[in-house]
Amino acid sequence: MKNNEEKDINVETNSSRNPKAFIKKAWKPVTAILVALCLIGGGAAFLFERHEDKQDEKTRAAMNDMIQAEAKSSKVDLISEAQVKQIVSKKIAVAEKDITFDSISLKDATYKKDKDHEKDKHDQDKNEQDKQQVAATKTDSPYIYDVNCTANSLEYELTVDAVTGTIYDVDIDD
């Protein structure tokens, strides 16, 4: 019995004195724990991002509903999202079925005009080209659609008048 106890003590003291032996024994469990933590963290980040996307979509839908009700009470006829998709398709010269519409948001253009006006007041040093571009995005209509879509590996951001269907701004990123 004493002989077995000596062997146990001897094994423990050998591994505590020899760091290489400890590393050989510990690397598999430590690696497994690190992989598990990475998987759990990645899954949590994915679920959080998905939750945020759903919340953003709910907010966008509520804003669209609110603005449509406001337009209806003001007796302003707005074009539909389907019409916006057709207009965008025609503008970027890509079939509608080949475009991925990431978001189509109805917004109050008067709010955007106020923000642009404030920005212009604070940025008196802008060059002339920037001023012309800001002026081109201002509409006579009280409502606009902000459209984000992808086609042919390019990302498009468009501003469309929600009453007339006129496109005021197009940004393309690759």
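The structure is a predicted model, in which local features need pLDDT of at least 70, side-chain atom pairs count only at pLDDT 80 or more, and totals for chains, interfaces and linings use all residues. Residues are numbered from 1 along each chain as its sequence is written, and side-chain values use heavy atoms, with hydrogens and water left out.

**The chain as a whole**

The chain has 5 helices and 4 strands. Here helices (H or I, at least four residues) and strands (E, at least two) are DSSP runs, numbered from the N terminus. Read from that end, the order of elements is α-α-α-β-α-α-β-β-β.

Of the 174 residues in the chain, 22% are buried. Buried means under 20% relative accessible area, exposed means over 50%, and partly exposed lies in between (1.4 Å probe, protein chains only). The accessible surface of the chain is about 12,900 Å², and carbon and sulfur atoms account for 53% of that surface. Such areas come from the Shrake-Rupley method with a 1.4 Å probe; for residues, only the protein chains shown count as cover.

A contact means heavy atoms within 4.5 Å. Among contacts in the chain between residues at least 6 apart in sequence, 57% join residues at least 24 apart.

**Strand β2 and its partners**

Two strands pair if DSSP finds at least two bridges between them. β2 pairs with β1 in the antiparallel sense over 8 bridges, and I104 has V147 in β2 as its bridge partner. β2 also pairs with β3 (residues 154–161), again antiparallel and over 8 bridges. In this second pairing, A151 stands opposite L154 in β3. β2 and β3 form a hairpin with 2 residues between them, and N152 in the turn has a positive phi of about 55 degrees.

**Loop residues with positive phi**

Most residues other than glycine have a negative phi. K75 lies in the loop between α2 (19–73) and α3 (81–92), while A93 is in the loop between α3 and β1 (100–108). The table gives the exposure of each.

| Residue | Relative accessible area |
|---|---|
| K75, exposed | 75% |
| A93, exposed | 69% |
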